[in-house]
4 protein chains.
Amino acid sequence: MDMTDRYAYLGPEATFTEAAALRFPALAGATLEPFPTVHAVINAVRTGEVAGAVVPVENSVEGSVNATLDELIRGEPLAITAEVLLPVTFTLLARPGTDLADVRRIVTHPVAEAQCRAWVSAKLPDAIIALGPSTAAAAASVAGRTPGPDGTVYDAAISAPLAGERYGLTALAVDIGEDSDAITRFVLATRPTKPGRPTGSDKTTLVAFIRDDHPGALLEILEQFAARGVNLTRIESRPTGNGMGRYCFAIDVEGHVADARVGEAMMGLRRVCATVRFLGSYPRADGVRPPVLPGTSNADFADAATWLDQLRG
Amino acid sequence: MDMTDRYAYLGPEATFTEAAALRFPALAGATLEPFPTVHAVINAVRTGEVAGAVVPVENSVEGSVNATLDELIRGEPLAITAEVLLPVTFTLLARPGTDLADVRRIVTHPVAEAQCRAWVSAKLPDAIIALGPSTAAAAASVAGRTPGPDGTVYDAAISAPLAGERYGLTALAVDIGEDSDAITRFVLATRPTKPGRPTGSDKTTLVAFIRDDHPGALLEILEQFAARGVNLTRIESRPTGNGMGRYCFAIDVEGHVADARVGEAMMGLRRVCATVRFLGSYPRADGVRPPVLPGTSNADFADAATWLDQLRG
Amino acid sequence: MDMTDRYAYLGPEATFTEAAALRFPALAGATLEPFPTVHAVINAVRTGEVAGAVVPVENSVEGSVNATLDELIRGEPLAITAEVLLPVTFTLLARPGTDLADVRRIVTHPVAEAQCRAWVSAKLPDAIIALGPSTAAAAASVAGRTPGPDGTVYDAAISAPLAGERYGLTALAVDIGEDSDAITRFVLATRPTKPGRPTGSDKTTLVAFIRDDHPGALLEILEQFAARGVNLTRIESRPTGNGMGRYCFAIDVEGHVADARVGEAMMGLRRVCATVRFLGSYPRADGVRPPVLPGTSNADFADAATWLDQLRG
Amino acid sequence: MDMTDRYAYLGPEATFTEAAALRFPALAGATLEPFPTVHAVINAVRTGEVAGAVVPVENSVEGSVNATLDELIRGEPLAITAEVLLPVTFTLLARPGTDLADVRRIVTHPVAEAQCRAWVSAKLPDAIIALGPSTAAAAASVAGRTPGPDGTVYDAAISAPLAGERYGLTALAVDIGEDSDAITRFVLATRPTKPGRPTGSDKTTLVAFIRDDHPGALLEILEQFAARGVNLTRIESRPTGNGMGRYCFAIDVEGHVADARVGEAMMGLRRVCATVRFLGSYPRADGVRPPVLPGTSNADFADAATWLDQLRG
């Protein structure tokens with residue numbers, strides 16, 4: 001099979017991550033394969049087993065986003081080429097013919113349990129909730145495909161809507177989570193590649209490893225962005241892997257590496273940091289086109305360069 | 001039972017989190033109770049069911065540290081009163097009498113699987129690894145206490161060392177994870193309380209909610225710290241819960257709220273931010289006593305205040 | 001004579017500086033005495049010979065404003081208690097009965113000559129301009145009180161309007177300088193004293209001596225102001241007097257030392273600088289009441305202090 | 001006469017400015033002509049009457065350095081191509097045959113008087129000091145070339161050493177000023193020209209006009225320098241000429257416009273400022289070669305640019 005048609009995602013199948021994978025336009029028609037861990041997913045990209053991987057990077061329901069971040073920070077460089085934002089909507093799934101009133105034993109993932117406990121208490125006060133390794137495994141066990149946590153079969157599962165379609169289950173209730181605005185962010189990671197063209201609604205992800213851990217080190221990094229009017233949308237310090245004492249910063253900024261302001265800020269980072277890992281420029285899933293601040297457009301940078309050339313004679 | 005003797009931790013029992021809980025000096029002699037989710041753990045503190053809770057906040061093996069962070073960011077304020085750093089050492093556990101060479105079927109949590117896959121491939125090339133909801137559940141099923149993922153019993157589990165003691169299992173191999181330096185950080189959260197006395201080796205945790213999302217908002221926050229010589233040890237932007245568009249910053253800094261430099265920086269944050277949530281000052285688990293920069297000691301602040309008073313007449 | 005009624009100004013009399021001195025409300029009814037140099041003026045305050053001194057600090061026509069600044073930077077501390085802005089308007093003065101058309105020989109100070117040369121060329125193309133030590137000396141010599149630069153008497157002087165009144169001369173033309181918007185700033189310096197009450201339209205002057213000369217030293221100073229929302233209206237680096245290699249910064253900021261934001265910024269300076277010299281808080285001559293930025297009012301500082309006290313328990 | 005051989009300086013002749021002019025290597029063999037005011041000196045350059053001009057820019061004894069600065073800030077652009085640092089050493093000059101003990105009447109410029117008053121009081125307690133328009137005029141009058149301030153001839157003048165040679169006077173005492181370390185800085189200004197080659201010990205002078213007067217405007221400017229590791233050696237805010245309300249900043253930085261770090265910082269200024277006037281890059285008179293900070297060498301900038309090109313594909 002052509003590697004370029006195969007993509008990995010954090011399994012098991014029928015989870016939110018598969019639902020996200022199905023939303024990436026670039027993956028339409030591709031073969032999607034579940035892998036058991038973030039490491040396995042990412043590794044499949046690095047070895048060339050698959051063309052790319054879909055992994056959660058913010059607010060994951062199941063699976064650690066820190067694991068994703070750490071995989072991207074370390075090892076062979078990868079490129080993020082797209083992102084998807086997926087609303088987190090929990091559905092109560094049962095075998096066809098099951099009545100809501102008959103549900104006594106529910107199975108789900110701990111995070112889903114926390115989100116849906118209030119709803120269950122209110123609507124099914126007599127039900128108990130057992131915990132399993134994933135929302136999809138919960139649905140699969142309800143469908144009779146696999147044993148439940150204690151080896152038996154439950155009445156209902158709290159899962160992603162996709163699991164209902166996949167396992168032939170019926171939704172007894174939808175959107176039963178507490179935080180109805182919850183959104184999870186997934187990215188498509190591939191081996192390093194030339195970034196796509198800027199769209200005016202772009203995001204750039206990079207990791208800055210500070211040279212030494214002194215007060216003001218982060219401030220120096222942020223000044224590189226501020227000096228070029230580049231706005232951050234996310235920042236997270238992460239240990240670099242050698243104990244807790246050495247830090248790097250995973251950063252998302254507005255704009256594209258092809259934008260003059262982003263490019264120059266990145267060159268600044270490159271100079272003041274021990275090293276900088278560029279993880280890609282890609283279209284924003286929210287489609288927002290933030291205004292470009294006065295003095296920071298490509299034309300402003302070009303004008304300044306022309307001016308400097310003239311001064312230098 | 002006296003609430004003041006009961007503490008919650010993220011279960012199940014015999015995981016790394018319970019191992020961490022056992023290391024908090026303040027919990028010596030207390031009753032430790034597992035709760036199924038971070039939300040449940042934290043909620044037990046908020047309702048007063050327990051006196052405090054032990055939760056992972058960095059590099060958790062099982063359970064999402066984002067969940068912890070989000071619980072601390074939102075809802076009724078809590079206080080972090082202590083932290084523990086726990087080395088992550090994976091152990092291969094089996095029933096007494098089992099020989100390493102006989103191990104064919106291993107069960108563990110996905111994160112542990114990722115960490116130990118290389119060791120298993122090298123030492124037990126014929127073994128398969130099944131995934132369960134926690135490393136403790138894996139050990140329990142090996143001990144015959146509960147069914148395994150597919151309802152049967154496995155030869156060995158990859159778990160925290162504590163699970164061996166708890167379930168009467170024997171360690172066939174220790175420290176089999178790839179990243180032998182991995183450290184997880186846990187905190188003890190209680191209802192708001194007067195912070196302990198500064199020790200010279202302290203950490204302060206707070207959450208800054210920016211007033212509006214403009215370029216330079218984070219820089220303004222960091223300048224409040226820089227202007228007083230306060231060093232950050234961790235930062236993470238988090239959505240505040242209403243979609244992805246509004247951010248807050250969870251920040252750990254060196255020093256104690258009673259230190260003049262930390263207190264003044266916090267007052268600065270309070271002025272430039274929409275709101276600031278103080279989550280506590282507590283002794284650093286690593287015992288590091290970072291040097292106080294020139295001009296930022298309590299004496300320096302007192303001297304400056306005396307000087308200003310004189311100028312004001 | 002009561003020292004408290006005597007004030008010095010940079011002479012000679014009938015210059016712009018005396019004109020400025022006459023505008024200070026605090027000096028109404030006081031005896032004003034000219035001194036030949038800025039050093040002499042300032043020294044008279046330091047020795048107690050006079051109660052205060054009027055000296056130029058920006059855009060002086062005659063006399064070096066750097067000399068003023070250096071006198072304030074070094075030696076016994078002084079306090080600026082008021083400022084005056086004086087429009088610089090040059091007047092062509094002659095003995096009564098002189099006709100403009102008859103003016104052939106003009107005398108003035110070099111700076112005035114530069115400002116008025118265009119007017120003279122246009123209106124009196126045949127006139128020559130001789131240079132003397134001050135505009136007042138020029139007027140005095142035209143009035144026959146003293147010899148002119150070459151020992152003789154000139155037809156007209158270019159001087160401050162005040163010189164006309166003082167020496168009985170007639171204005172043949174007014175406001176003949178090129179830069180009709182020119183404004184000079186003078187301050188009233190006294191021995192250290194309790195600052196007056198804040199008016200909402202205040203200025204504070206201070207001198208910051210950096211601890212060592214490293215890149216970013218000035219940035220650190222400015223961050224102390226920025227972190228409290230304090231705006232600068234003037235800054236000037238000056239050598240501290242030991243060669244050119246060591247710098248200090250003379251700074252004017254908006255606001256009063258009694259304002260919380262200014263006071264805290266000054267305490268910050270005190271901590272990060274080798275030393276800080278406070279030169280006074282006084283009402284702005286222009287009467288501007290700049291808006292106080294959100295989060296920087298006295299109430300905002302008080303609220304933050306209350307909040308911190310509660311957190312500290 | 002060839003314009004390219006004629007240079008102007010702030011007169012009169014035999015002052016410190018002429019002494020400085022004689023020290024510029026580029027002016028060896030050129031004709032040096034005194035002009036009465038800074039405006040006249042600068043104007044002679046602008047009109048092409050002379051090839052360049054020597055003017056004081058810091059710590060002038062006679063003549064306002066603000067006047068120089070304002071001439072450079074406004075009007076047709078000029079270029080600073082060299083600087084000279086001149087120690088300020090005051091000499092007591094008399095006609096040959098005069099004995100120190102016979103000196104009763106001294107003439108000099110007010111600034112020199114202030115500097116030498118202590119020496120005169122100690123050594124010549126009975127002497128009086130009259131004030132004239134320049135130290136050179138004082139020497140000339142002592143030499144009998146011109147009348148003194150009151151039309152008569154004085155016993156001695158306090159002047160620059162050069163005045164002694166020029167007027168055939170004898171030095172009765174040397175270095176009699178109070179501040180024996182005083183140094184004055186002069187620059188050679190020409191019409192705009194291609195800057196000379198960088199020497200490793202260079203200075204760049206520019207004027208930044210802020211876009212609007214808001215708190216933090218200066219900080220933004222300085223961050224452009226800080227983000228590239230460029231150190232300031234001088235800064236001075238100046239009104240732009242329309243009242244006192246609008247400011248610009250005259251700035252000297254270490255390094256040459258051809259240095260990558262200086263060039264990029266200047267482009268940054270160009271983008272964030274209303275306008276930037278480049279006044280030249282030229283060798284430092286003090287010969288200091290400040291260390292280039294890590295990450296800010298030309299090689300570092302070239303490396304970063306190569307890296308970015310590769311990322312952009």
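The model is a predicted one, in which local features need pLDDT of at least 70, side-chain atom pairs count only at pLDDT 80 or more, and totals for chains, interfaces and linings use all residues. Residues are numbered from 1 along each chain as its sequence is written, while chains are lettered from A and ligands numbered from 1 in the order in which they are written.

Next, display the contact between chains B and C. It takes 26 residues from chain C and 26 residues from chain B, where two residues are in contact if their C-beta atoms, placed from the backbone, lie within 7 Å. On the side of chain C that touches chain B, the elements giving two or more residues are helix H7 (217–226), helix H8 (260–272) and helix H9 (298–312) of chain C. Helices (H or I, at least four residues) and strands (E, at least two) are DSSP runs, numbered from the N terminus. The residues on that side of chain C comprise 14 nonpolar, six polar and six charged; Ala, Val, Leu, Ile, Met, Phe, Trp, Tyr, Cys and Pro count as nonpolar, Asp, Glu, Lys and Arg as charged, and the others, Gly among them, as polar. Because 100% of the interface residues of chain C are also interface residues in chain B, the copies meet through the same surface.

Now select chains A and C. No contact joins them, and their closest C-alpha atoms lie 11 Å apart.

Move to chain D and show its sheet. Five strands form an open, mixed sheet in the order E2-E1-E3-E10-E4; two strands pair if DSSP finds at least two bridges between them. Strands E2 (31–35) and E4 (79–87) of chain D stand at the edges with a single partner strand each, so one side of each is left without a neighbour in the sheet. From one strand to the next, the twist averages 30 degrees; axes are lines fitted to C-alpha atoms, for helices over the stretch in contact, and angles run from 0 to 180 degrees between N-to-C directions.

Select strand E1 (residues 6–10) of chain D, which runs parallel to E2(D) and is joined to it by five bridges. Tyr7(D) stands opposite Leu32(D) in E2(D).
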